Amino acid sequence: MDIFENVLLMLVAACLLLLVSRRLALPYPSLLALAGVGLGAMPWVPHIHFDPHLALALFIAPALLDSAFDTSPRELRHNWMPLVSLVLVAVLLTTAVVAWAGWAFAELPIAAAITLGAIVAPPDAVAAAAVMQQFRIPRRTLSLINGESLLNDAVALLVFGVAVSAAGAAHQPIASSLPMLLVAVPGGALVGILLAKINLHVVGPIFAGTRSAIIFQFVMTFAAWIVAERLHLSPIISVVAFGMTLGQYAPGRSAPRDRVQSYAVWGAVVFTLNVLAFFLMGLQARGILDRLSGPALTHALQFAGLVLALVIAVRVAWVMFYGAVMRTVKHRLGLKPKGISIPSKRIGFLVGWSGMRGLVTMATAFALPADFPGRDLIVLSAFAVVLGTLVIQGFTIGPLIKALKIEPDESQDKEVSLARIAMMDAALSALEAERGGEANAVRDEYRAARTIAADERQPQAQTAHDRLRATAIRAQRQALDALRESGQIEDDTYHRLEEEMDWAELNAIPANDVRLQSV
């Protein structure tokens, strides 16, 4: 009961902090991290022990699914070169530098040092995106950061799994575990795609329009993780493939009511998991500080500060170096590969400074077994990186955007306007076709439907009016899908207008329609 009461207290605090973050234009994960420290430091809060495998599945699977669903494959292709730079080079470079520090200064075993590097390597885009969206930075930059957040989780967690396995097996070198990735990665992707197809063609149609549909979304998400893990494949890649497949094909197959409810539920669940993770991290840190004292505590805190400094410095240095090389290639050699954007110095520094760590770093730290070599030092360092990046970078990223004088990006507003015009034209054409091209007759029917609808004694009023609205909405959806497929609008614009159409269609459904009933 004590644990439950403290979780409720943390949720209340998180909701209040969310209001504060909106008023002060601060990323809520930064405030949440401070709240987690404060609550975890309270002496009456009980210690909580988490099973390592449960921690990974519980915290990471929903977060990966939520990010993967909103990730556009087309945007990933457009940003392939900077993504490779951030997802592979930056993550592996950070892992290597931190591992070297762990081996040289903390005397961690090689496998344990690499584990620490993999834990703190992947940035979390939630905090950065929360601020950047307010300042309307270039959409391509925001898309790059979001795509990086998804893919670098997969890379870092693969390295983490290999390093943990090597640390747990006596005399097993890390290189001997690498061949399993040749099967684990494509096998995990295949499992995710297969389960997504089952969800789209079997589970989805059966439970469409009911509360069970959302429940099965969670069931299938965790199934993608568990099935891949049981088959000794990559559960991370499985969930990513599952989410991206659903993101591309589910919107056209699911009902509006299901989508509206699903987005609300998933947003609340991921937020709650973030709250719980920060709370647990505060408890873990308190327990570690209680066990350490004197010179051991001083050394641990100094090393944690060193890891924090290295994590920030390596990312900024690499992003600036990459940008300088790309600009040199462009200006001196006159080369610019097709479809590859070259960041300016200001954008490059902003991307480098946006490397805040969050849920994935905390969850992987939780997942370390209790007897893992150097576990206390690794968890404390991970917590220092999460708290330090969220506070230092999170609180300064807004002022940094203003100082860099980055122009607001108005491209999405233009896309939305063009799309709405195309959708209204499609709706008008459909209505005219409905009446054989007689636009005046269509307007007369609208007027007649409105007149009849005012009389509650004539139930047939809604039939004519709703039939016309349904025809218009259907035409608008077809136009919206065509705009997305042709590449005239990006996925963020598509999802924004799709939500508008969902609410319009729900409003057009008669109150006694069976589609409104949820069981």
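Predicted model: local features only at pLDDT ≥ 70, side-chain atom pairs only at ≥ 80, totals over all residues.
Here is a quick tour of how this protein is put together, from the overall build down to single residues. The protein has 20 helices and 0 strands. Of its 519 residues, 49% are buried. Take the contacts between residues at least 6 apart in sequence: 82% of them join residues at least 24 apart.

**The nonpolar cores**

- In soluble globular proteins, nonpolar side chains tend to be buried together.
- Here, the largest nonpolar core has 122 residues. Inside this core, the residues with the most contacts are Phe59, Val120, Trp225 and Leu350.
- Which helix gives the most to this core? That would be helix H16, covering residues 375–404, which puts in 13 residues.
- Once you set aside its neighbours within four places in sequence, Leu350 is in contact with Met132, Ile137, Ile397, Leu400, Ile401, Leu404 and Ile406.
- There is also a second, separate core of 12 residues. Met423, Ile473, Tyr494 and Leu497 are among its members.

- If you want to find them, the buried residues of H15 are Leu359, Val360, Thr361, Met362, Ala363, Thr364, Ala365 and Phe366.
- Helix H11 spans residues 235–249, which makes 15 residues. Of those 15, 13 are buried, so H11 too is largely enclosed by the rest of the structure.
- How far does H11 reach from its first C-alpha to its last? The answer is 21 Å, close to the 21 Å expected at 1.5 Å a residue.

**Empty space inside**

- Rolling a probe the size of a water molecule over the atoms shows where empty space is left.
- In this model the count comes to 2 cavities of 30 Å³ or more.
- The second largest cavity has a volume of about 30 Å³. Its lining is made up of Val7, Met10, Leu11, Thr272, Val275, Leu276 and Phe279.
- Two elements give two or more residues to that lining: helix H1 (2–24) and helix H12 (256–291). The largest share, 4 residues, comes from H12.
- What kinds of residues line the second largest cavity? By class, there are 6 nonpolar residues, 1 polar residue and no charged ones.

**Buried residues and their partners**

- Ala475 sits in helix H19, which covers residues 461–485. Is Ala475 buried or exposed? With a relative accessible area of 10%, Ala475 is buried.
- Leaving out neighbours within four places in sequence, Ala475 is in contact with Ala426, Ala427 and Ala430.
- Ala475 and Ser429 are 46 residues apart along the chain, yet their C-alpha atoms are separated by 8.4 Å.
- Glu415 belongs to helix H17 (residues 411–434). Glu415 has a relative accessible area of 13%, and since buried means under 20%, this residue counts as buried because its value falls below that cut-off.
- Again leaving aside neighbours within four places in sequence, Glu415 is in contact with Arg139, Gln488, Ile489, Glu490 and Thr493.

**A partly exposed helix residue**

- Arg140 is part of helix H8, residues 139–168. Its relative accessible area is 34%, which makes Arg140 partly exposed.
- Arg140 and His78 are 62 residues apart along the chain, and their C-alpha atoms are separated by 8.9 Å.

**Loop residues with a positive phi**

- Glu107 is in the loop between helix H5 (80–105) and helix H6 (110–120). Its phi is near 55 degrees, a positive value in a residue other than glycine.
- Glu107 is exposed, with a relative accessible area of 69%.
- Where does His232 lie? His232 is in the loop between helix H10 (212–230) and H11.
- His232 is not a glycine, but it has a positive phi of about 60 degrees. At 71% relative accessibility, His232 counts as exposed.

Note on methods. Residues numbered from 1 in each chain as written. Heavy atoms only, no water. 1 Å grid on protein atoms, 1.4 Å probe; cavity = no way out; pocket = protein on both sides within 12 Å on 5 of 7 lines; lining within 4 Å. Points joined across faces, edges and corners; volume = space filled by probe spheres on them. Nonpolar A, V, L, I, M, F, W, Y, C, P; charged D, E, K, R; others polar. Expected span 1.5 Å × (residues − 1). Buried < 20%, exposed > 50% of the residue type's maximum accessible area, 1.4 Å probe, protein only. Core = buried A, V, L, I, M, F, W, Y, C linked by side-chain atoms within 4.5 Å. Contact = heavy atoms within 4.5 Å.
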